[in-house]
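Thanks for asking me to look this one over.

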Amino acid sequence: MRLIDTHAHLQGPEFNRDLEPVLARAVKAGVQLIINVGYDLNSSKRAIQLYRKYPMLPPAVGIHPHDAKTWSDEVESSLRRWAGSPHVVAIGEIGLDFYKDYSPRAQQLQVLEKQLQIAVDYRLPVILHVRNAYMDILNVLKNFPSLRGVMHAFSGSPAVADKFVSMGWHIGVGGVITFSNARKLQEVVQRIPLEYIVLETDAPFLTPHPYRGKRNEPSYLKFICQQLATILQRTPDEVAEITYLNAKRLFPRLRS
Ligand SMILES: [Zn+2]
């Protein structure tokens with residue numbers, strides 16, 4: 001079995017003390033690559049630094065909607081410089097969060113559009129974080145028809161999932177799929193083609209059953225894969241292989 005964790009944050013303090021055993025457990029569970037996703041300037045820079053030491057951690061760079069208020073010309077020029085490096089595999093995580101509203105909505109929209117333009121300019125896929133703003137994001141994406149990416153931690157309805165898939169976007173499925181009350185997400189994964197699903201842990205967050213409540217880590221991707229296989233009545237090996245190839249297609253800069 002080979003797996004790609006398309007979304008984790010291993011550059012934070014949660015993994016300062018034991019990153020190497022965490023990576024060893026991931027490898028043992030079949031996880032070959034882990035996209036280490038930035039959410040502000042520092043975490044993006046740190047993701048790039050970690051990649052130099054750990055080639056299984058390709059970085060993504062971006063400013064999370066929570067931090068849209070930190071945007072500046074300097075931030076933009078750093079992101080553009082990094083996007084030009086062949087090791088950076090995506091722009092993210094970026095998006096709209098109208099649930100927590102930590103940054104003003106107008107600024108979230110502005111910073112999102114700036115970063116989508118960077119993705120267009122460097123032909124990079126996008127990792128989107130969207131909460132309570134699916135209609136808003138669809139309106140923005142209409143203006144960027146060439147862009148592709150993943151709706152990370154998707155929590156929308158099956159109808160909304162259909163819309164994204166028809167635009168060529170992928171749905172990121174994580175630990176929530178293992179929760180007994182995840183009826184809506186289970187309907188989503190049954191509705192859309194498996195070719196449009198990628199797996200993700202969002203470690204250290206959103207820990208799957210049976211470790212819910214503890215720190216999440218990429219080796220737990222196997223529980224997500226198993227649960228998806230059960231729902232779709234396929235084997236875990238099939239689900240692993242198809243989603244592995246999906247991630248390779250979506251993120252062309254991932255090395256083999
Ligand atoms: Zn995340």
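**Notes on the predicted model**

1. With a relative accessibility of 15%, E76 counts as buried, because the cut-off for that class is under 20%. Please keep in mind that this is a predicted model. E76 forms a salt bridge with R80, and their closest N and O atoms are 3.3 Å apart. Both residues belong to helix 3 (residues 73-83), where four positions, about one turn of the helix, separate E76 from R80.

2. As for accessibility, R80 is partly exposed at 23%, and D121 is partly exposed at 40%.

3. Salt bridges with shared partners also join D18, R25, R215 and E217 into one network. Within this group, R25 and E217 meet through their side chains at 2.8 Å, N to O. The pair spans 192 residues: R25 lies in helix 1 (residues 19-28), while E217 is in the loop between strand 8 (197-199) and helix 8. R25 is partly exposed, with 37% relative accessibility, whereas E217 is buried at 3%. In total, the structure holds ten salt bridges.

4. Now to helix 8 itself (residues 221-232), which is where I224 is placed. Is I224 buried or exposed? Its relative accessibility is 0%, so I224 counts as buried. Leaving aside residues up to four places away in sequence, I224 touches V173, G174, G175, I177, T178, L199, E200, T201 and P208.

5. Stepping back to the fold, the protein chain has nine helices and eight strands. Its radius of gyration is 17 Å, close to the 18 Å given by the globule rule for 256 residues, so the chain is as compact as a globular protein of that length. The C-alpha trace spans about 45 × 40 × 30 Å along its principal axes. Of the contacts with a separation of 6 or more, 71% are between residues 24 or more positions apart.

6. Finally, burial, surface and charge. Of the 256 residues, 57% count as buried. The accessible surface comes to about 11,300 Å², and carbon and sulfur atoms account for 50% of it. There are 31 positive and 24 negative side chains, and the centres of these two sets lie 3 Å apart.

Key. Residues are numbered from 1 along each chain as its sequence is written. This is a predicted model: local features need pLDDT of at least 70, side-chain atom pairs count only at pLDDT 80 or more; totals for chains, interfaces and linings use all residues. Side-chain values use heavy atoms; hydrogens and water are left out. Helices (H or I, at least four residues) and strands (E, at least two) are DSSP runs, numbered from the N terminus. The radius of gyration is taken over C-alpha atoms; the globule rule is 2.2 Å times the number of residues to the power 0.38. Buried means under 20% relative accessible area, exposed over 50%, partly exposed in between (1.4 Å probe, protein chains only). Contact means heavy atoms within 4.5 Å. Accessible areas come from the Shrake-Rupley method with a 1.4 Å probe; for residues, only the protein chains shown count as cover. Lys and Arg count as positive and Asp and Glu as negative; His and the chain ends are not counted. The place of a charge is taken as NZ of Lys, CZ of Arg, CG of Asp or CD of Glu. A salt bridge is a side-chain nitrogen of Lys or Arg within 4 Å of a carboxyl oxygen of Asp or Glu.
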